[in-house]
Amino acid sequence: MYNLISRLYTLTIARLYYLYVVVLGEPNPYSLVYMLKSILLPAMLTILPILIAARFSFGKYYEKRIEDQKIEIKGEGNYEGLRLQLNDLVYIQSSDNYIEVNYISNNILKKTLIRNKLSVIDDEFSELLRSHRSYLINPYHFQRWKTENGKLFMLLSFETKIPVSKTYQSKIKTAINSTTN
């Protein structure tokens, strides 16, 4: 309905512009039917396919750019791996010979188990920070610091509590403070 109203409004403005600016004072201006049939309809038939093609091409280009921005966390197996946006990755936890990748999908925190070592992922993605020997975190999801029984934790998105070991404490505090300022 809104689309129809906006088209009628545009047509009215075009007609008034034609009558009161383009042919002001002319004795025989084109009629509205002639203007629609001979001028606007052919123009629309020429321009509309170009607009549709451009819209389709831009959509494909945008989807490709989004896909190119994704990171891939590979596993040791042939078919193991996960592709996602870096900002969707919350943290990675080591679990023996596996890593547990915690990420956001449709506003839900999900987990995927991949056979790989945390040190390999740490070397591959410099954007992630090591907070503990068993954890890599994405600083994008940092919420606040928390101390319990003399131990330091960081709260990430979805109220996820991640320990911060004394080994990495100064490095991670410096990195978090530089990214949040």
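Here, Ala, Val, Leu, Ile, Met, Phe, Trp, Tyr, Cys and Pro count as nonpolar, Asp, Glu, Lys and Arg as charged, and the others, Gly among them, as polar. You're looking at a predicted model, where local features need pLDDT of at least 70, side-chain atom pairs count only at pLDDT 80 or more, and totals for chains, interfaces and linings use all residues. Residues are numbered from 1 along each chain as its sequence is written, and side-chain values use heavy atoms, with hydrogens and water left out.

**The largest pocket**

- By class, its lining has six nonpolar, no polar and one charged residues.
- Those lining residues are R7, L11, L36, L40, A43, M44 and L48. The elements giving two or more residues to this lining are α1 (2–22) and α2 (32–68), and α2 gives the most, with five residues.
- Helices (H or I, at least four residues) and strands (E, at least two) are DSSP runs, numbered from the N terminus.
- The largest pocket holds about 270 Å³ of space. A pocket is an open set of points on a 1 Å grid over the protein atoms alone, where a 1.4 Å probe fits, with protein on both sides within 12 Å along at least five of seven lines; lining residues have an atom within 4 Å of a point. The volume is the space filled by probe spheres set on the points, which are joined across faces, edges and corners.

**Aromatic pairs**

- The structure holds four aromatic pairs (ring centres of Phe, Tyr or Trp, the last by its six-membered ring, within 6.5 Å; planes under 30 degrees apart are stacked, over 60 edge-to-face, the rest tilted).
- Y18 and Y30 make a stacked pair, 6.2 Å centre to centre with 5° between the planes. Y18 sits in helix α1 and Y30 in the loop between α1 and α2, so the pair ties together parts twelve residues apart in sequence.
- Y18 is buried at 13% relative accessibility, while Y30 is partly exposed at 41% (buried is under 20% relative accessible area, exposed over 50%, partly exposed in between; 1.4 Å probe, protein chains only).
- Y91 and Y135 form a tilted pair, 6.1 Å centre to centre with 40° between the planes. This pair links strand β3 (residues 89–95) and strand β7, with the two residues 44 apart, and both are buried.
- Y18, Y30 and Y34 form one aromatic cluster.

**A histidine in a loop**

- H141 is in the loop between β7 (135–137) and β8 (142–148), and is buried, with a relative accessible area of 4%.
- Leaving aside neighbours within four places in sequence, H141 is in contact (heavy atoms within 4.5 Å) with residues including N87, L89, I104 and S157.
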